[in-house]
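Here is a walk through one protein model, strand by strand. Keep the structure open beside the text and follow along.

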Amino acid sequence: MRRALCWAVAGLPAAALAGAGWAAGGQSRPAGPPAAPRVIALDFAVHESEGGIITADLDGDRRMDFVVTAPGRVGAWRHDGRRLWLLEAQVRVSAGPSETVGLSGHHAPGVQVADVDGAAGQEVLFLDQDSTVNVLDARTGAIKRRVRLPHPEGSERWEHLVVACLRGRGDRDVLLQATNARGYRMGRHVAAYAYDRLDGEPLWRTDSYLGCAHNGLRVADLDGDGRDEVLGATILGPDGRERNRLPEYRGHLDSIFSDDVRPDIPGLEVVALQEGGPMEVFCYGLGGLIWRAHHKNQEPQNAALGEFDTRSPGLEVWCRSRYDTHQKPFTFDSRGRLLGEYAMDDVAPAGWTEKGVEVIAPIHWTGSPVQLAAAKERHKSGDVCLFEPLTGRFVARFPEKADRIYVADVSGDWREEVLVVSGRELHIYENTAANPRPREPRLWSKPHYRRSKMTWNYYSP
Ligand SMILES: [Ca+2]
Ligand SMILES: [Ca+2]
Ligand SMILES: [Ca+2]
Ligand SMILES: [Ca+2]
């Protein structure tokens, strides 16, 4: 089903609309003409907080498809919008803050897609509310396996599942995470299972993992040895042993990301944001802390890592700031030095909520080396925008009633699209302007991109 939605880009200068050159980091590249989204009809709505969306090739035709979750529902749609399957299941998605109701937190899809059994085709994996790992044939939705696993003492149930490569044999391992059932809930309990021995003993387990307060664990192969590390204030090696722990800090981590922030340092770096204490941003890796920085002790709360300024080596770290209204974003360079700041009120178009932006993700939209950020209006099913993180300049505004926003490369020309779940529809916004660098490798060829896009939630898109 396709439906043309009319465009309105209120409050933007005509030059921006015409793609008449925007400047960031010395680059000048049109943002591309806005286009009506492609619309896919869903069979259920995604409401406040619970459930989300991921993309993966479910049917093996090398085109990216979509899995959407909501309480009691898991559905899969093909690239062209045809429904592949729909399942009624008590998928583990959670409403509200995970520190009171458990993981996997606001907007988390609670589902993974990977080839976990090594046989033909991909599998879809999710936990249900009863600590059972459900494994489906990704193409048909047929249930291949259900294994109920004992959850740790002091926890309510297993709450978060992530597929990882821990033994160097591909995506054949499963990480499970749970919070303590009483008090301020943190996902301290982690167990790793070989997929083919799900009903046996775990590879390892720990009750002392220190992660984020609001989102489930994420993984990335930090040192490039083909095996994933578990990211948090503690970094666990693929064998479950603690490799690193952030130096003493107060409060808790709010969100966490991984990318090659510092190309001069081997491997990937981790960036995490502190709530409490001096409100610092931490950049660290397997070798320990690289830098910690704050800007006037303002809470960073949300961040986007990306190439936002090509004159500044490495990736920049954009921070949104905490303010409930009148946000004041600021950006650090890859060494933790302040690059700039601005007031959201000075850059947002007329009519944009004074509460600012949320669910902010870096996006390769234009195809130039400089990335933009995509976000939605905060605390409402509102509009979606693309903006320059460094300057705050809004490049495009998509009139929407966005309940979820997700950025991923689904069209196949390596650039990324903006996916919006609005009620019972999925809207896909694609840049129809010519791609200036069509030969770039697809982002999915980077393992950490794939991991990142499969382990997102509201706080760590
Ligand atoms: Ca496909
Ligand atoms: Ca590794
Ligand atoms: Ca690096
Ligand atoms: Ca840079």
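Begin with strand S5 (residues 65–70), which is joined to S6 by five bridges and runs antiparallel to it. Strands here are DSSP runs of type E with at least two residues, helices are H or I runs of at least four residues, and both are numbered from the N terminus. Two strands count as paired if DSSP finds at least two bridges between them. This is a predicted model, in which local features need pLDDT of at least 70 and side-chain atom pairs count only at pLDDT 80 or more, while totals for chains, interfaces and linings use all residues. Residues are numbered from 1 along each chain as its sequence is written, and chains are lettered from A and ligands numbered from 1 in the order in which they are written.

How far can the model be trusted? The pLDDT is the predictor's confidence in each residue, from 0 to 100. Its mean over the protein chain is 92, and 92% of the residues reach 70 or more. Residues 1–30 have a pLDDT below 50; in the model this stretch has 67 contacts beyond near neighbours in sequence. A contact means that the C-beta atoms of two residues, placed from the backbone, lie within 7 Å. Where pLDDT is low, the predicted coordinates should not be read in detail.

Back to S5 and S6. Thr69 has Val74 as its bridge partner in S6. The two strands form a hairpin with two residues between them, and Gly72 takes a positive phi near 80 degrees. S6 then pairs onward. Five bridges join S6 to strand S7 (residues 83–88), again antiparallel. Val74 has Leu87 as its bridge partner in S7. This second hairpin has five residues between its strands, and Gly81 in the turn has a positive phi of about 100 degrees.

Is S6 buried or exposed? Five of the five residues of S6 (residues 73–77) are buried, so the strand is largely enclosed by the rest of the structure. Buried means that 20 or more other C-beta atoms lie within 10 Å of a residue's own; 12 or fewer means exposed, and anything in between partly exposed, with C-beta atoms placed from the backbone. In a regular strand the side chains alternate between the two faces of the sheet. Both faces of S6 are covered, with Arg73, Gly75 and Trp77 buried on one side and Val74 and Ala76 buried on the other.

Now widen the view to the sheet. Four strands form an open sheet in the order S4-S5-S6-S7, with antiparallel pairing. Strand S4 (53–56) and S7 stand at the edges with a single partner strand each, so one side of each has no neighbour in the sheet. The twist averages 15 degrees from one strand to the next. For such angles, axes are lines fitted to C-alpha atoms, for helices over the stretch in contact, and angles run from 0 to 180 degrees between N-to-C directions. S4 pairs with S5 over four bridges in the antiparallel sense. Ala56 has Asp65 as its bridge partner in S5.

A second open sheet has the order S24-S25-S26-S27, also of four strands with antiparallel pairing. Its edges are strand S24 (303–306) and strand S27 (338–341), each with a single partner strand, so one side of each is left without a neighbour in the sheet. The twist averages 20 degrees from one strand to the next. S24 pairs with strand S25 (residues 316–319) over four antiparallel bridges. Leu305 has Val317 as its bridge partner in S25.

Val271 touches both Leu305 and Val317; its other contacts include Phe257, Val261 and Phe282. Val271 is also among the residues that touch the most other members of the largest nonpolar core, which has 120 residues. Such a core is a set of buried Ala, Val, Leu, Ile, Met, Phe, Trp, Tyr and Cys residues joined through C-beta atoms within 7 Å.

Strand S20 (residues 252–259) has eight of its eight residues buried, so S20 is largely enclosed by the rest of the structure. S20 pairs with strand S21 (residues 269–275) over seven antiparallel bridges. His252 stands opposite Glu275 in S21.

Finally, take in the whole chain. The secondary structure comes to four helices and 34 strands. Buried residues make up 51% of the 461 residues.

Note on methods. Lists of a residue's contacts leave out its neighbours within four places in sequence.
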